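Trainee: I would like to learn how to read a structure like this one. Can we go through it feature by feature?

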Amino acid sequence: MALRNRIVSLVGLKAVALAAGESAGGFPVVSSSPERTVLGFDDRHLDFRIVVDLQEMEDGSVVRVTTLVRRKNLFGRIYLFAVGPFHRRIVPTTMRPFCKHVHSVSLEETC
C-alpha cells in the first residue's frame with residue numbers, strides 16, 4: 001500500500017490511510033457486521049468497495065471477497081485496466097494464509 005500511495009500521489013489521487021483502527025488492509029472501513037465488512041472510498045476517477053462476506057457452513061466457513069468499482073471518467077477506466085491484472089492476483093494471495101481453497105470465481109464487466 002505504501003508503494004501504491006507513492007505512485008498515485010504523483011497524479012493527484014488519494015493516498016490510503018495505513019493507521020490501525022481506521023482501516024483494514026490499508027482501506028477505510030465503510031461498514032462492518034459479524035457477517036459482512038465493506039471497505040473502500042470514493043475518488044474523482046472512480047469509487048470502489050471491497051465487500052468481505054463470511055458465511056458459516058456445517059463443515060467450516062466460506063469467505064467471499066467482492067470488488068465493486070464505478071469508473072467516473074476516462075482516467076478511471078485507464079487506471080482500472082492497468083491495475084486489474086494485479087488485483088486479480090493480490091486478493092487470492094492475500095486470502096491464502098486464512099483460507100484453504102482460494103480461487104477467483106468470476107470477473108463481471110458492467111457499464
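The dialogue below covers the overall fold, one arginine and the aromatic pairs.

Trainee: What should I know before reading any values?
Mentor: This is a predicted model, in which local features need pLDDT of at least 70 and side-chain atom pairs count only at pLDDT 80 or more, while totals for chains, interfaces and linings use all residues. Residues are numbered from 1 along each chain as its sequence is written, and side-chain values use heavy atoms, with hydrogens and water left out.

Trainee: How many helices and strands does the protein chain have?
Mentor: Helices (H or I, at least four residues) and strands (E, at least two) are DSSP runs, numbered from the N terminus. Here the protein chain has 2 helices and 5 strands, in the order α-β-β-β-β-β-α along the sequence.

Trainee: What share of the protein chain is buried?
Mentor: Buried means under 20% relative accessible area, exposed over 50%, and partly exposed in between (1.4 Å probe, protein chains only). By that rule, 25% of the 111 residues in the protein chain are buried.

Trainee: Where is arginine 49 found, and which residues does it touch?
Mentor: Arginine 49 belongs to strand 4 (residues 46–57). It is partly exposed, because its relative accessibility is 24%.

Trainee: Which side chain makes a polar contact with the side chain of arginine 49?
Mentor: A polar contact is a pair of N or O atoms within 3.5 Å; within protein, one must be able to donate a hydrogen and the other to accept it, and residues adjacent in sequence count only if both atoms are side-chain atoms. For the side chain of arginine 49, the partner is the side chain of aspartate 42, at 2.9 Å.

Trainee: How many aromatic pairs are there in the whole structure?
Mentor: Rings of Phe, Tyr and Trp (its six-membered ring) pair if their centres lie within 6.5 Å; planes under 30 degrees apart count as stacked, over 60 as edge-to-face and the rest as tilted. The search finds 2 aromatic pairs. Phenylalanine 41 and phenylalanine 48 are edge-to-face, because their planes are at 80 degrees, with ring centres 5.0 Å apart. Phenylalanine 75 and tyrosine 79 form a tilted pair, 6.5 Å centre to centre with 35 degrees between the planes.
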